[in-house]
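Let us walk through this structure together, one stop at a time. Have the sequence and the 3D view ready as you read.

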Amino acid sequence: MARVLIVDDSPTETHKLTTILEKNGHAVLTATNGESGVDVAREQRPDVILMDIVMPGLNGFQATRQLSKGGETAGIPVVIVTTKDQDTDRVWGMRQGASAYLTKPVDEGKLLGTIAEVLA
């Protein structure tokens with residue numbers, strides 16, 4: 001199964017996502033903000049990254065842009081997982097290099113399906 005990096009400043013959201021992923025056989029890495037998410041991605045090379053948008057410091061859009069433009073992380077798909085569900089947010093997220101965009105609360109089936117899609 002996949003190694004998934006969750007980048008989210010909410011312990012509750014991180015716990016929810018971790019529970020779903022581990023129950024379905026995925027290994028989970030976590031980071032609590034954009035800066036540490038970029039660092040963990042560079043060091044650990046996860047198979048896929050679940051990225052929140054609203055975080056202190058480097059936000060999810062900025063972190064996604066850094067990852068998608070960074071040589072060693074450019075091939076890692078980023079799935080944005082956020083409460084921001086405006087079309088403008090979705091378009092901007094995809095422009096930053098995201099492979100997919102999901103809104104919270106995330107449906108388990110949709111999350112797992114999206115991860116399978118971006119890894120295919």
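T73 is buried, with a relative accessible area of 1%; buried means under 20% relative accessible area, with a 1.4 Å probe and protein chains only. T73 sits in the loop between α3 and β4, where helices (H or I, at least four residues) and strands (E, at least two) are DSSP runs numbered from the N terminus. Leaving out residues up to four places away in sequence, T73 touches A41, R42, Q66 and L67, a contact being heavy atoms within 4.5 Å. A polar atom of the T73 side chain also lies 2.8 Å from the backbone oxygen of L67.

Before going on, a word on the model: it is predicted, local features need pLDDT of at least 70, side-chain atom pairs count only at pLDDT 80 or more, and totals for chains, interfaces and linings use all residues. Residues are numbered from 1 along each chain as its sequence is written, and side-chain values use heavy atoms, with hydrogens and water left out.

Next, turn to β1, where 4 of the 5 residues are buried. β1 runs parallel to strand β2 (residues 27-31), and 5 bridges join them; strands pair if DSSP finds at least two bridges between them. Here L5 stands opposite L29 in β2. On the way from β1 to β2 the chain passes through α1, and this β-α-β crossover is right-handed: with the strands pointing away from the viewer, the path from the first strand over the helix to the second runs clockwise. β1 also pairs with β3 in the parallel sense, over 4 bridges, and V4 stands opposite V48 in β3.

V4 and V48 lead us to the largest nonpolar core, which has 16 residues; they are among those that touch the most other members, as are L21 and L50. Such a core is a set of buried Ala, Val, Leu, Ile, Met, Phe, Trp, Tyr and Cys residues joined through side-chain atoms within 4.5 Å. β1, α1 (11-23), β3, β4 (78-82), β5 (100-103) and α5 (108-119) each supply at least two residues of this core. Apart from it lies another core of 15 residues, including V40 and M55.

Our last stop is D52, in the loop between β3 (48-51) and α3 (60-69). D52 is buried too, with a relative accessible area of 6%. Beyond residues up to four places away in sequence, D52 touches V7, D8, D9, G60, V81, T82 and K104. An unreviewed UniProt entry lists D52 for "modified residue: 4-aspartylphosphate"; such annotations may be inferred rather than shown by experiment.

Notes
Buried < 20%, exposed > 50% of the residue type's maximum accessible area, 1.4 Å probe, protein only. Polar contact = N/O pair within 3.5 Å; in protein donor to acceptor, adjacent residues only side chain to side chain.
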